Amino acid sequence: MMDSLRSFVSHYPKTITLVAATGVGLIGVKRWVAGGVCHSKARLDGKTVLITGGNTGIGKETAVDLAKRGARVILACRDMDRANKAAEEVRKKSQNDNVIVKKLDLASLQSVRQLAKEILASEERLDVLINNAGVMSCPKWQTEDGFEMQFSVNHLGHFLLTNCLLDLLKKSSPSRIVNVASLAHERGTGVTTYSLHPGVIRTELGRHFWPEMPLWKRVIYTPLLFFIKSPTEGAQTTIYCAVEESLQEESGLYYSDCAPKTAAPQGRDDEAAKKLWHLSASMVGLT
């Protein structure tokens, strides 16, 4: 066996070198794609964190990390069976039993208000709100409130939830709102806000468009999945924005790979943001 291996190496040295170099290169690219890592050792003992959509993907990985830091973690999810299973997994991985589940359907404004009512009644404080849940490329469904599904879940639901819980967040200041999509710039209240891009990640977010993709495209894209972030890698910027001590005096910035980034021009249009805020408030019935 060893003689055969030595013979192969002696006859094909260039091939061996090329394969080795390619392997090292692929690993290097994979590490580069993985992005930044949150190195903060901050503890969250005595603090309460609410994560929407925390039963899968980067939401669950974020929950595990923050629970390990000692936080009371609330998973706000639509599917209670999956949420309870995820909560049990979070408890086991973090060795923290203070992980609970609450019902939340972001496609229903009534459900959002009900969750907020329960949180205000049961929780003395809320230190971190992580607006993580989202859908993408779903069919053209309409919510019970008459809104397009993706707009309602990704924006309106979180907009209403944030505003309903804002007084509790203020009461718990210094507190944080972490948006995996930009929602609000709230200044001067003791509540700091951060929006972020987690990267391209292997999660269930693509469950609607992947089955509809032509076979030839799936064949082309499948090898590229090797380079896509894992949920743990994708959760790093969310965790960073939730716990990094140096960010306490910063607010309203946009982050990617655990570092501030310049948002796209439309994300820096204050006049458009103001219009969206007032329109959203009108849609969800906030005065």
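Where is the place of glutamine 95? Glutamine 95 sits in the loop between α4 and β3 (99-103). I'll come back to that residue.

First, the ground rules. This is a predicted model, where local features need pLDDT of at least 70, side-chain atom pairs count only at pLDDT 80 or more, and totals for chains, interfaces and linings use all residues. Residues are numbered from 1 along each chain as its sequence is written, and side-chain values use heavy atoms, with hydrogens and water left out.

Now the overview. The protein has ten helices and eight strands. Those are DSSP runs, numbered from the N terminus: helices are H or I, at least four residues, and strands are E, at least two. Of the 287 residues, 43% are buried. Buried means under 20% relative accessible area, exposed means over 50%, and partly exposed is in between, with a 1.4 Å probe and protein chains only. Next, contacts, meaning heavy atoms within 4.5 Å. Take the contacts with a separation of 6 or more: 72% of them join residues 24 or more positions apart.

On to a helix pair. Helix α3 covers residues 57-68, and helix α4 covers residues 80-94. Their axes come within 9 Å and cross at roughly 40 degrees. So α3 is oblique to α4. Axes here are lines fitted to C-alpha atoms, for helices over the stretch in contact, and angles run from 0 to 180 degrees between N-to-C directions. Under 35 degrees counts as roughly parallel, over 145 as roughly antiparallel, 65 to 115 as roughly perpendicular, and the rest as oblique.

Who meets whom? From α3, it is Lys60, Glu61, Ala63, Val64, Ala67 and Lys68. From α4, it is Ala86, Glu89, Val90, Lys93 and Ser94. The residues of this contact divide into five nonpolar, one polar and five charged. Nonpolar covers Ala, Val, Leu, Ile, Met, Phe, Trp, Tyr, Cys and Pro; charged covers Asp, Glu, Lys and Arg; the others, Gly among them, are polar.

Back to glutamine 95. Its phi is positive, about 60 degrees, although it is not a glycine. Most residues other than glycine have a negative phi, and most peptide bonds are trans. Glutamine 95 is exposed, with a relative accessible area of 70%. Aspartate 257 also has a positive phi, about 55 degrees, and is not a glycine. Look for aspartate 257 in the loop between β7 (253-256) and β8 (259-261). With a relative accessible area of 31%, aspartate 257 is partly exposed.

Now a cis peptide bond. It joins serine 173 and proline 174, with omega about 5 degrees. Proline 174 is in the loop between α6 (149-171) and β5 (175-179).

Is aspartate 127 buried or exposed? Aspartate 127 is buried, at 2% relative accessible area. This residue lies in the loop between α5 (109-122) and β4 (128-131). Aspartate 127 and proline 174 are 47 residues apart in sequence, yet 7.3 Å apart in space, C-alpha to C-alpha. Leaving out residues up to four places away in sequence, aspartate 127 touches Gly46, Lys47, Thr48, Leu169, Ser172, Ser175 and Arg176. A polar atom of its side chain lies 2.8 Å from the backbone nitrogen of threonine 48.

Last stop: asparagine 132. Its place is in the loop between β4 and α6. Asparagine 132 counts as buried, at 13% relative accessibility. Its contacts, beyond residues up to four places away in sequence, include Ile51, Thr52, Gly53, His158 and Val180.

Terms used
A polar contact is a pair of N or O atoms within 3.5 Å; within protein, one must be able to donate a hydrogen and the other to accept it, and residues adjacent in sequence count only if both atoms are side-chain atoms.
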